[in-house]
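Please keep the sequence and the model in view while reading.

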Amino acid sequence: LARRRLRRIALFLALAGAAVLLAAQPAFGAKVEFAYTVVAPTSVSPSRLVARAVIETVGAACPKVIAHTGSGRRLQLRMANLPAPDGSVGFDGVTVCRRPLPVGLVRASVGGLRLPLLQRGTPQRIALFRDTGCRVKVYPPTPPATEPGYQVQDCNSPEAWPLETVAHEIAVAKPTLVVNTGDFFYRESDCPDIAPYAAFCAGSPPVNLPGSPNEDSYAGWKADWLSPARAIFQVAPLVLARGNHESCERAGTGYFFLLDPGVSPPDTCQRAYPAIYDPANPPPTLAQPVWVARLGTLDLVVLDSSNADDTAVEDVETYTALGQRAVALLRKRGATGWLLTHRPVYAWERFGGPGTDPVWTNVTLEAALDPLIEPFAAIFSGHLHLFQTIELPGRPAQLTLGDGGTQLDASDQGGALPEFGPPGLPAPTRGVTTFTFGWTLLRPTKTLGAFTGTRYEAGRGAWATCRLAPHEIDCAPRPR
């Protein structure tokens, strides 16, 4: 009897140990919730593409990318796990996987989800949009005010927050490249529990543990970007950059962990901020290294302006060095250069509303980059929540496309184009502004550097027909 008991105890302990061991093992075959390909410099991936997969299971084993080459070979490429950055809060419930893709693939997938690849040559259909998140912001009272201020979109309304509509429209258009230069994230506060706001953002994730901002969590990123933008992920590769909402003081951890192409480490925001640094090599917490994607006859140069001050000239040496690097990355002939940066170099609004003078922004980038960036054909930005084109003599065409879903700026901030620069300099020759939600599709012509395109209003179809050439932009609104 004693021996039987001992055998039972031994068997129980063995089974218990096996159960503990099994629980400690990675979960195989877990569902891939989101998968997408991000454009990267060749220093990160020779094919200029990095595959990403998100699994909503803790400790899941990263899946394999199933890929096929032009010669008919079938490859199984194991993705690498990106651990949640030490010290971060809100990202330890998911598994994020990453894999630079090899050259020569003709199709690829992970977890049954298609991974879009780059076409050969110049992208033929380029979709552009940005500033997409649903704004949930509570401002503490500032004396003499005694009540907090609120800016809360109706995140449950496709009219008030149309990101999902915009993403579906882009997917239907079948672009070969999608460009978004930041401000993915706007859920910065707990949803107010007072009318009418409680009904607007009741679906927003609650705040995290004490001391952790609401926005920088996986739940927040899923609600603000991953779920509503899902339609585009299996359609085209993504060119992504961070905006001021992805600075390390706001939602930087989520950006570097979920979206960064590999230019900076995932724990960038957890690293010490150097007190002294070389302006030519600023810490990634201030600005990521400038990088380029050469796609056919296009040089897409990404310059991080997330921390460039809009209204006071600061860190000019830093942004001058970044601008010099951006220009140096351009090919000397046979290609067209686009500068992709979140904050516009040339854009304006009546920030004080009607009756006030229009103001140009960003003054830091203008001071640092205006003397340098003439070699670029165009600048693509967001930051202002509108659609705006600016053409200035001798300068790159500026397109500000901050119309992807977040709360729009007030329409009374528009008006006639102001003069640019000191008295006596040429005034802007052409420009158009509208305060409506939408997105833009550009197509190359047979002439190097020339593109035709359409700016669409969300849910309403074509709003303007556009023509883009080096230093020239003309968008003519269509009659309705």
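## Pairing of the cysteines

When the bonded cysteines of the chain are numbered in sequence order, they pair as 1-2, 3-4, 5-6, 7-8, 9-10. The structure holds five disulfides in this way, a disulfide being a pair of cysteine sulfur atoms within 2.5 Å.

The model is a predicted one, in which local features need pLDDT of at least 70 and side-chain atom pairs count only at pLDDT 80 or more, while totals for chains, interfaces and linings use all residues. Residues are numbered from 1 along each chain as its sequence is written, and side-chain values use heavy atoms, with hydrogens and water left out.

## The link of Cys62 and Cys97

Cys62 and Cys97 form a disulfide in which the sulfur atoms are 2.1 Å apart, and with -90° about the S-S bond this link is left-handed. Because Cys62 lies in the loop between strand 2 (49-55) and strand 3 (64-69), whereas Cys97 belongs to strand 6 (residues 95-100), the pair ties together parts that are 35 residues apart in sequence. Helices (H or I, at least four residues) and strands (E, at least two) are DSSP runs, numbered from the N terminus.

Both Cys62 and Cys97 are buried, where buried stands for under 20% relative accessible area, exposed for over 50% and partly exposed for what lies in between (1.4 Å probe, protein chains only).

## Two further links

Cys248 and Cys269 also form a disulfide, with their sulfur atoms 2.1 Å apart. This pair links distant parts of the chain, 21 residues apart, with Cys248 in the loop between strand 13 (238-240) and helix 6 (252-258) and Cys269 in the loop between helix 6 and strand 14 (291-295). The torsion about the S-S bond of Cys248 and Cys269 is about -80°, so the disulfide is left-handed; Cys269 is buried, at a relative accessible area of 17%.

In the disulfide of Cys466 and Cys475 the sulfur atoms are 2.1 Å apart, and the torsion about the S-S bond is about 110°, so this link is right-handed. Cys466 and Cys475 are both buried.

Four strands make up an open sheet with the order 4-3-7-8 and antiparallel pairing. Strand 4 (74-78) and strand 8 (113-114) stand at its edges with a single partner strand each, so one side of each is left without a neighbour in the sheet.

Strand 3 and strand 7 (residues 105-110) pair in the antiparallel sense over five bridges, two strands counting as paired if DSSP finds at least two bridges between them. Thr69 stands opposite Leu105 in strand 7.
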